[in-house]
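Thanks for coming, everyone. Please have the viewer open, and we will walk through this one together.

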Amino acid sequence: NGAIIYSLTESRPLFVGEMPRSAYEFAASVMGAVPEIRELMYFSFDEHRIIGRDCFDPNFRFEPTAKLVFMVDAENSDVARRAIGKLSDKYGFSCSRSSIRGIEVTRGDCTKGDSVRRLAGMLGGRAETVVCVGDYENDLRMIELADIGYAVGNAEEKLKVAADKVTVPYN
């Protein structure tokens, strides 16, 4: 997801871009300022917690948190994305849409593009070709950095434009 690089062969995370403690203050600010949010998801490398708007507790802690995803109704997605983006800039976080309903926030240096670069460094030149596949705004930098970037057939238009190839739709 950008904030986590996981080794399937070693069954462990190689990198977890843990968000700073200010992420909890940020989450409370967003929940207070953006009424369109229906729920908030906190992600670590192996589990997640979903908190509905009506159950949100600003004192809740889920550590380590690698990513936050604010869920909204599709018709409120643009308004919520702009509002969350402004607040994330103040905290130095990266904000991007991960679906029509999901607005993803990670540490500023933990986008999917950052992870492509980080993983290439970990591999020390052993990767001949980096291939990435994506569908939404949160995948854009990753697709641009890949040797071969694929957009799925139902990806956002700007991702299709950035990709080297467009493949079948993903449902």
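Start at Ser-11. Its relative accessibility is 53%, so Ser-11 counts as exposed, the cut-off being over 50%. Ser-11 lies in the loop between strand E1, residues 4-7, and strand E2, residues 12-16. Look at its backbone too. Phi of Ser-11 is near 50°, a positive value in a residue other than glycine. Why point that out? Because most residues other than glycine have a negative phi.

Before going on, one reminder. This is a predicted model.

Stay with backbone geometry for a moment. Which two residues does a cis peptide bond join? They are Glu-63 and Pro-64. Omega there is about -5°. Most peptide bonds are trans. Where is Pro-64? In the loop between strand E4, residues 48-52, and strand E5, residues 67-72.

Asp-57 has 37% relative accessibility, so it counts as partly exposed. Now find Ala-28. Asp-57 and Ala-28 are 29 residues apart in sequence. In space, C-alpha to C-alpha, they are 8.1 Å apart.

Next, the helices. Two packed helices are described by the angle between their axes and the distance between the axes. Take helix H1, residues 22-33, and helix H2, residues 77-91. Their axes come within 10 Å. They cross at roughly 155°. That is over 145°, so H1 runs roughly antiparallel to H2. The crossing of H1 past H2 is right-handed.

Who makes the contact? From H1, it is Ser-22, Glu-25, Phe-26, Ser-29, Val-30 and Ala-33. From H2, it is Ile-84, Leu-87, Ser-88 and Tyr-91. Sort the contact of H1 with H2 by class, and you get six nonpolar, three polar and one charged residues.

Keep H2 on screen. H2 has 15 residues. From first C-alpha to last, H2 reaches 21 Å, close to the 21 Å expected at 1.5 Å a residue. Which residues of H2 are buried? Ser-77, Ala-80, Arg-81, Ile-84, Gly-85, Leu-87 and Ser-88. An α-helix has 3.6 residues a turn, so residues three or four places apart point the same way. Keep that in mind as you turn the view.

What do the buried residues of H2 pack against? H1 is one partner. The others are strand E3, residues 37-43, then E5, strand E6, residues 93-97, and strand E7, residues 102-107. Just after H2 comes Gly-92, with a positive phi of about 80°.

Let's go into strand E3. Leu-40 sits there. Buried or exposed? At 0% relative accessibility, Leu-40 counts as buried, the cut-off being under 20%. Leu-40 has a list of contacts, not counting residues up to four places away in sequence. Ala-27 and Met-31 are on it.

On to helix H3, residues 112-123. H3 has twelve residues and reaches 16 Å from its first C-alpha to its last. That is close to the 16 Å expected at 1.5 Å a residue. The buried residues of H3 are Gly-113, Asp-114, Ser-115 and Val-116. What covers them? The cover includes E1, strand E8, residues 131-134, and helix H4, residues 140-145. H3 is followed by Gly-124, and its phi is positive, near 55°.

Two more stops further along the chain. First, Val-161, in helix H5, residues 157-162. Its relative accessibility is 64%, so Val-161 counts as exposed. Val-161 and Ala-151 are ten residues apart along the chain, and their C-alpha atoms are separated by 8.7 Å.

Then Pro-169. Pro-169 is in the segment after strand E10, residues 165-166. At 53% relative accessibility, Pro-169 counts as exposed. What does Pro-169 touch, leaving out residues up to four places away in sequence? Gly-153 and Asn-154. Ala-155 is worth a look as well. Pro-169 and Ala-155 are 14 residues apart along the chain, with C-alpha atoms separated by 7.6 Å.

That is the tour. Questions, please.

Technical notes. Residues numbered from 1 in each chain as written. Predicted model: local features only at pLDDT ≥ 70, side-chain atom pairs only at ≥ 80, totals over all residues. Heavy atoms only, no water. Axes fitted to C-alpha atoms, helices over the stretch in contact; angles between N-to-C directions. Helix = DSSP H or I, 4+ residues; strand = E, 2+ residues; numbered from the N terminus. Parallel < 35°, antiparallel > 145°, perpendicular 65-115°, else oblique. Left-handed = near helix turned anticlockwise from the far one by under 90°. Contact = heavy atoms within 4.5 Å. Nonpolar A, V, L, I, M, F, W, Y, C, P; charged D, E, K, R; others polar. Buried < 20%, exposed > 50% of the residue type's maximum accessible area, 1.4 Å probe, protein only. Expected span 1.5 Å × (residues − 1).
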